[in-house]
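I opened a new model today and want to keep track of what I look up. Here it is, with my notes below.

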Amino acid sequence: MKKDIEKAFNDHLNAEFFSAYLYLSMANYFAAENLDGMAAWMRVQSEEERVHGMKFVDFINDRGGRVALQKIDQPAIEWKSPLAAFQEAYDHECLISAKINELVDLANKQNDHAAHNFLQWFVSEQVEEEATAQRIVEQLKRVGDNPVGLMIIDQQLGSRTFAPAEAAD
Ligand code: OFO
């Protein structure tokens, strides 16, 4: 594996593990707000991000590279409102999509077909990640300060479960 791809992949797996940290922190914020459905949704999201990070770990190892784990930044612990938290989640996913696109550009520049192929899973995944977060942001905007609306969204989000195989497929 070429050194600059190895370095960029190591940096990116750190970003995926930071995503896991960020969503776990949001889960704790929602739990403190007694929004248990949103807390459960964020916990599942955090687990998925860990799976994403591990996909990079496995790929680097499989290609004979070296994984160098880096320090994970501390995420925020409070948000102004559920909408503010989900808006940040959406913005964060857009940032991750941009990083994935940069990795694809690098893989193409280096003529690394295996890396290019590996990254296509993430290109598709990011479409879903952005769409899901954006949908929740729009729903929260629509209910505004209506507590009944908030409770309905909370209940709906609470039905999400973590399926390790699906998270990796
Ligand atoms: Fe790994 O998709 Fe979100 O960050």
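I began with a polar atom of the Asp112 side chain, and found the backbone nitrogen of Ala115 2.9 Å away from it. This is a predicted model, so I keep in mind that what I read off is a prediction. Next I checked the backbone nitrogen of Ala114, and the Asp112 side chain reaches that too, at 3.3 Å. The atom doing this is a side-chain oxygen, and the contact sits at the start of H4. Asp112 itself is found in the loop between H3 and H4.

Is Asp112 buried or exposed? I looked up its relative accessibility, which is 10%, and the cut-off for buried is under 20%, so Asp112 counts as buried. I then skipped its neighbours within four places in sequence and listed what else Asp112 is in contact with: Ile5, Arg63 and Ala107.

**Along H4**

I followed H4 from end to end. It has 31 residues and spans 46 Å from first C-alpha to last, close to the expected 45 Å. I did find a kink of about 25° in H4, centred on Leu119. Leu119 is also on my list of buried residues in H4, which includes Phe118, Trp121, Glu125 and Ile136. After H4 comes Gly144, and I noted its positive phi, near 55°.

**H5**

At the start of H5 I looked for a side-chain contact and got one: a side-chain oxygen of Asn146 comes to within 2.8 Å of the backbone nitrogen of Val148.

Which residues of H5 are buried? I wrote down Gly149, Ile153, Asp154 and Leu157. Looking down the axis of H5, I see these buried residues fall within an arc of 140°, so they line one face of the helix. Pro147, Val148 and Gln155 are exposed, on the face of H5 turned away from the buried side. I also asked what covers the buried residues of H5, and the cover includes H2, H3 and H4.

**The cores**

Leu157 turned up again when I looked at the largest nonpolar core, which has 23 residues. Leu157 is among those with the most contacts inside this core, along with Met26, Phe30, Met38, Met42 and Phe86. H1, H2, H3, H4 and H5 each supply at least two residues of this core, and H1 gives the most, with seven.

Not counting residues up to four places away in sequence, Met26 touches Met42, Trp79, Ala85, Glu88 and Ala89. Last entry: there is a second, separate core of 22 residues, and Ile5, Phe9, Val67 and Phe122 are among its members.

Methods
Residues are numbered from 1 along each chain as its sequence is written. This is a predicted model: local features need pLDDT of at least 70, side-chain atom pairs count only at pLDDT 80 or more; totals for chains, interfaces and linings use all residues. Side-chain values use heavy atoms; hydrogens and water are left out. A nonpolar core is a set of buried Ala, Val, Leu, Ile, Met, Phe, Trp, Tyr and Cys residues joined through side-chain atoms within 4.5 Å. Buried means under 20% relative accessible area, exposed over 50%, partly exposed in between (1.4 Å probe, protein chains only). Helices (H or I, at least four residues) and strands (E, at least two) are DSSP runs, numbered from the N terminus. Contact means heavy atoms within 4.5 Å. The expected span of a helix is 1.5 Å times one less than its number of residues. The bend at a residue is the angle between axes fitted to the seven residues ending there and the seven starting there. A polar contact is a pair of N or O atoms within 3.5 Å; within protein, one must be able to donate a hydrogen and the other to accept it, and residues adjacent in sequence count only if both atoms are side-chain atoms. The arc is that of the directions from the helix axis to the C-beta atoms.
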